[in-house]
Amino acid sequence: QVQLVESGGGLVQAGDSLRLSCAASGRTFSTNAMDWFRQAPGREREFVAAINWSGGSTHYADSVKGRFTISRDKAKNTVYLQMNSLKPEDTAVYYCAAERGIEPTVGTTHIIYWGQGTQVTVSS
(Lines give C-alpha, C1' and ligand atoms only; values in the text may rest on other atoms or scores of the structure.)
Protein backbone atom coordinates (compact mmCIF):
# COMPACT_ATOMS: atom_id res chain seq x y z
CA GLN A 1 0.00 0.00 0.00
CA VAL A 2 1.02 3.61 -0.55
CA GLN A 3 2.00 5.51 2.59
CA LEU A 4 3.37 8.93 3.47
CA VAL A 5 4.81 8.96 6.99
CA GLU A 6 5.83 12.21 8.67
CA SER A 7 8.40 12.41 11.45
CA GLY A 8 10.48 15.00 13.27
CA GLY A 9 7.82 16.93 15.14
CA GLY A 10 8.09 17.79 18.80
CA LEU A 11 8.01 20.45 21.49
CA VAL A 12 10.44 23.35 21.06
CA GLN A 13 10.88 26.92 22.23
CA ALA A 14 10.33 30.02 20.12
CA GLY A 15 13.37 30.68 17.94
CA ASP A 16 14.34 27.01 17.73
CA SER A 17 14.49 24.84 14.61
CA LEU A 18 13.02 21.52 13.53
CA ARG A 19 13.32 19.41 10.41
CA LEU A 20 10.30 17.39 9.38
CA SER A 21 10.62 14.37 7.12
CA CYS A 22 8.00 12.70 4.94
CA ALA A 23 9.00 9.22 3.82
CA ALA A 24 6.97 7.65 1.02
CA SER A 25 6.57 3.95 0.39
CA GLY A 26 4.54 1.77 -1.95
CA ARG A 27 5.31 3.84 -5.04
CA THR A 28 7.69 6.48 -6.27
CA PHE A 29 6.73 10.16 -6.19
CA SER A 30 9.68 11.28 -8.27
CA THR A 31 7.39 12.83 -10.89
CA ASN A 32 4.90 14.39 -8.45
CA ALA A 33 4.78 17.78 -6.82
CA MET A 34 4.84 17.47 -3.01
CA ASP A 35 3.33 19.76 -0.39
CA TRP A 36 3.30 20.51 3.32
CA PHE A 37 0.10 21.67 5.00
CA ARG A 38 -0.65 22.40 8.65
CA GLN A 39 -3.72 22.61 10.83
CA ALA A 40 -3.97 24.34 14.20
CA PRO A 41 -6.83 23.71 16.66
CA GLY A 42 -9.98 25.50 15.56
CA ARG A 43 -8.50 26.51 12.21
CA GLU A 44 -8.74 25.29 8.64
CA ARG A 45 -5.93 23.26 7.16
CA GLU A 46 -3.59 25.71 5.43
CA PHE A 47 -0.89 25.52 2.81
CA VAL A 48 2.71 25.81 4.00
CA ALA A 49 5.09 24.88 1.18
CA ALA A 50 5.34 23.01 -2.11
CA ILE A 51 8.05 21.64 -4.37
CA ASN A 52 7.86 20.55 -7.98
CA TRP A 53 8.83 17.19 -9.42
CA SER A 54 12.50 18.05 -9.98
CA GLY A 55 13.05 20.00 -6.77
CA GLY A 56 14.02 23.05 -8.80
CA SER A 57 10.97 25.15 -7.97
CA THR A 58 9.51 25.87 -4.52
CA HIS A 59 6.57 27.87 -3.16
CA TYR A 60 5.79 29.10 0.35
CA ALA A 61 2.98 30.67 2.29
CA ASP A 62 3.74 34.28 3.19
CA SER A 63 3.69 33.38 6.88
CA VAL A 64 6.73 31.08 6.54
CA LYS A 65 8.78 32.71 3.77
CA GLY A 66 12.38 33.22 4.83
CA ARG A 67 12.04 30.79 7.73
CA PHE A 68 11.01 27.44 6.21
CA THR A 69 12.69 25.51 3.39
CA ILE A 70 11.17 22.58 1.52
CA SER A 71 13.46 20.09 -0.21
CA ARG A 72 13.38 16.56 -1.52
CA ASP A 73 15.66 13.59 -2.00
CA LYS A 74 14.23 11.74 -4.97
CA ALA A 75 16.53 8.75 -4.49
CA LYS A 76 15.13 8.31 -0.96
CA ASN A 77 11.54 9.12 -2.00
CA THR A 78 11.50 11.63 0.85
CA VAL A 79 10.53 15.28 1.23
CA TYR A 80 11.72 17.56 4.04
CA LEU A 81 10.62 20.77 5.71
CA GLN A 82 13.36 22.68 7.51
CA MET A 83 11.72 25.08 9.97
CA ASN A 84 13.86 27.84 11.48
CA SER A 85 13.02 30.73 13.80
CA LEU A 86 9.88 28.96 14.96
CA LYS A 87 7.08 31.01 16.46
CA PRO A 88 4.20 29.98 18.73
CA GLU A 89 1.82 30.58 15.83
CA ASP A 90 3.59 27.77 13.95
CA THR A 91 2.07 25.29 16.42
CA ALA A 92 0.00 22.81 14.43
CA VAL A 93 -0.20 19.30 13.08
CA TYR A 94 1.91 19.21 9.92
CA TYR A 95 0.87 17.00 7.01
CA CYS A 96 2.75 16.07 3.87
CA ALA A 97 0.85 15.44 0.66
CA ALA A 98 1.47 14.23 -2.87
CA GLU A 99 -0.10 16.06 -5.80
CA ARG A 100 -1.34 14.46 -8.99
CA GLY A 101 0.77 16.63 -11.29
CA ILE A 102 4.41 17.52 -11.69
CA GLU A 103 4.01 21.20 -10.76
CA PRO A 104 2.34 22.56 -7.60
CA THR A 105 -1.29 23.53 -7.95
CA VAL A 106 -3.22 25.86 -5.64
CA GLY A 107 -5.73 24.16 -3.35
CA THR A 108 -6.23 20.54 -2.34
CA THR A 109 -8.22 19.21 -5.29
CA HIS A 110 -5.06 17.75 -6.83
CA ILE A 111 -3.88 15.98 -3.66
CA ILE A 112 -3.88 12.22 -4.17
CA TYR A 113 -2.22 11.07 -0.91
CA TRP A 114 -2.01 12.53 2.62
CA GLY A 115 0.23 11.58 5.51
CA GLN A 116 -1.11 11.10 9.04
CA GLY A 117 0.57 14.22 10.39
CA THR A 118 3.16 15.10 13.01
CA GLN A 119 2.64 17.50 15.91
CA VAL A 120 4.78 20.62 16.19
CA THR A 121 4.39 22.66 19.37
CA VAL A 122 6.29 25.93 19.86
CA SER A 123 6.28 27.44 23.33
CA SER A 124 6.94 31.08 24.17
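Predicted model: local features only at pLDDT ≥ 70, side-chain atom pairs only at ≥ 80, totals over all residues.
Buried here means under 20% relative accessible area, exposed means over 50%, and partly exposed covers what lies in between.

**A salt-bridge network**

Four salt bridges are counted in the model. Arg-38, Glu-46, Arg-67 and Asp-90 are linked in a network of such bridges, and its pairs are set out here.

| Pair | Closest N and O atoms |
|---|---|
| Arg-38 and Glu-46 | 2.7 Å |
| Asp-90 and Arg-38 | 2.9 Å |
| Arg-67 and Asp-90 | 2.8 Å |

Asp-90 is buried, as is Arg-38, and Arg-67 is buried along with Asp-90.

The bridge between Asp-90 and Arg-38 joins the loop between β8 and β9 to strand β4, so it ties together parts that are 52 residues apart in sequence. Arg-67 bridges to Asp-90 as well. Since Arg-67 lies in the loop between β6 (58-60) and β7, and Asp-90 in the loop between β8 and β9, this pair ties together parts 23 residues apart.

Strand β7 (residues 68-73) has two faces: Phe-68, Ile-70 and Arg-72 are on the covered one, while Thr-69, Ser-71 and Asp-73 are on the uncovered one. β7 pairs with strand β8 (residues 78-83) in the antiparallel sense, over six bridges. Phe-68 has Met-83 as its bridge partner in β8.

Four residues lie between the strands of this hairpin, and Asn-77 takes a positive phi near 55 degrees there. Asn-77 sits in the loop between β7 and β8, yet with 17% relative accessibility it counts as buried. What does its side chain reach? The side chain of Asn-77 comes to 2.8 Å from the backbone oxygen of Arg-27, and one of its polar atoms lies 3.0 Å from the backbone nitrogen of Phe-29. Leaving aside residues up to four places away in sequence, the contacts of Asn-77 include Cys-22, Ser-25, Thr-28 and Ser-30.

**The nonpolar core**

The largest nonpolar core has 26 residues, and Leu-4, Trp-36, Val-48, Phe-68, Leu-81, Met-83 and Tyr-94 touch the most other members. Elements giving two or more residues to this core include β3 (18-25), β4 (34-39), β5 (46-51), β7 and β8.

**Aromatic pairs**

Three aromatic pairs are counted. In one of them, the ring centres of Phe-29 and Tyr-113 are 5.7 Å apart and the planes stand at 80 degrees, so the pair is edge-to-face. This pair links distant parts of the chain: Phe-29 is in the loop between β3 and β4, and Tyr-113 is in strand β10 (residues 111-114), 84 residues apart. Phe-29 is buried at 1% relative accessible area, whereas Tyr-113 is partly exposed at 28%.

Phe-37 and Phe-47 are also edge-to-face, because their planes are at 80 degrees, with ring centres 5.8 Å apart. Phe-37 belongs to strand β4 and Phe-47 to strand β5, ten residues apart. Phe-37 counts as buried at 4% relative accessibility, and Phe-47 as partly exposed at 32%. Together with Trp-114, Phe-37 and Phe-47 form one aromatic cluster.

Terms used: Residues numbered from 1 in each chain as written. Heavy atoms only, no water. Buried < 20%, exposed > 50% of the residue type's maximum accessible area, 1.4 Å probe, protein only. Pairing = 2+ DSSP bridges. Polar contact = N/O pair within 3.5 Å; in protein donor to acceptor, adjacent residues only side chain to side chain. Contact = heavy atoms within 4.5 Å. Core = buried A, V, L, I, M, F, W, Y, C linked by side-chain atoms within 4.5 Å. Salt bridge = Lys/Arg side-chain N within 4 Å of Asp/Glu carboxyl O. Phe/Tyr/Trp six-rings, centres within 6.5 Å; stacked < 30°, edge-to-face > 60°.
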